[in-house]
Amino acid sequence: VQVRTAGRVASIPLEEYVLGSVLAEVSPGDQTPATAARILEVQAIMARTYAAAGLGRHRADGFDLCDTTHCQRYDPARIKTSRFAAAAREAVRRTSGRIITYGQRPVEALFHADCGGYTSASETVWGGRARPYLLAEPDKLASDPHRKWRIAVPADRLRAALNADTATAVGRRLDGIRVVSRDVGGHATTLALSGEHAHTIRGEQLRSILNVTLGDRAVQSTRLTVTRTNSTYVFEGTGFGHGVGLCQVGAAARARRGDSVDAIIAHYFPGATLSAARR
């Protein structure tokens, strides 16, 4: 795999790339060894599938994948420094060659930190054609592991963040932000901005634009509400990330209760097939 990492392009053996991505994208924390192994194996399959589907994504730039969240994170330094390196390497070995497919092609192995209790279909988040394995589905678990968040933003600061991008620039005043539509799981799919200039924008695009100025942990998901009190806007919601594909928080909870790697993958990619491991 040709990877741009640390500003240069390197040719990385696929399984070493998978290892460096797993350690960059997930940490099992203080789980039992069995739970940690399942979490790492799930992420290894995700990383390998993402690479298989994304080969040539940056072909015009002279490589396949970058090492940022534009593709998936890759950090080879963690192979030497992470306390999970040995367990991750074993997870990569145990899942060797395993990828998720649909119609005999690798799926778009999208994942995010926390769906907030309900995943989203890809087309409602970004538009484009529907992927039959990337659906809006409840992530029901006996004990709710999904994070709740809240941020209060002064109106002037919010207006400045909106004005930083032409797609959301409201001009000299901000009159309001209103959720226009939601998907079946409660994610805001479109919002209306009113001010000197008005806009209707996708929820995920608005989140991305605001977080450039406010910080990447400001508006954490689109499963949210927006209210205004005097000169302050309050965003409240659940989850962290775009909500499409595998929910890492939900997957970890399923691993803790003993679900198999295959069952976890099947829940988040319904109708897809998980190939057998190489022997």
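Helices (H or I, at least four residues) and strands (E, at least two) are DSSP runs, numbered from the N terminus. This is a predicted model, in which local features need pLDDT of at least 70 and side-chain atom pairs count only at pLDDT 80 or more, while totals for chains, interfaces and linings use all residues. Residues are numbered from 1 along each chain as its sequence is written, and side-chain values use heavy atoms, leaving out hydrogens and water.

**Figure 1. The whole chain, to get our bearings.** The chain holds 9 helices and 14 strands. Its radius of gyration, taken over C-alpha atoms, is 20 Å, which agrees with the value near 19 Å that a compact globule of 279 residues would have; that globule rule is 2.2 Å times the number of residues to the power 0.38. Along the principal axes, the C-alpha atoms fill a box of roughly 65 × 45 × 40 Å. Of the 279 residues, 52% count as buried (under 20% relative accessible area, with exposed meaning over 50% and partly exposed in between; 1.4 Å probe, protein chains only). Among contacts (heavy atoms within 4.5 Å) with a separation of 6 or more, 66% join residues 24 or more positions apart.

Figure 2. Let us zoom in on H4, which spans residues 85–94 and has Ala85, Ala88, Ala91 and Val92 buried. Seen down the helix axis, these buried residues fall within an arc of 120°, so they line one face of H4; the arc is that of the directions from the helix axis to the C-beta atoms. On the face turned away from the buried side, look for the exposed residues Ala86 and Arg93. The cover over the buried residues of H4 includes helix H1 (14–25), helix H2 (33–54) and helix H3 (78–81).

**Figure 3. Ile100 in strand S4.** Ile100 lies in S4, residues 100–102, and is buried, with a relative accessible area of 0%. Met46 is 54 residues away along the chain, yet the two C-alpha atoms are separated by 7.8 Å. Leaving aside neighbours within four places in sequence, Ile100 is in contact with residues including Ile45, Met46, Thr49, Ile265, Phe269 and Leu274.

**Figure 4. Ile177 in strand S8.** Here the view moves to S8 (residues 174–182), where Ile177 has its place. Ile177 counts as buried, at 9% relative accessibility. Beyond its neighbours within four places in sequence, its contacts include Leu158, Leu162, Leu191, Val226, Tyr233 and Phe235. For a sense of scale, Ile177 and Ala198 are 21 residues apart in sequence and 9.9 Å apart in space, C-alpha to C-alpha.
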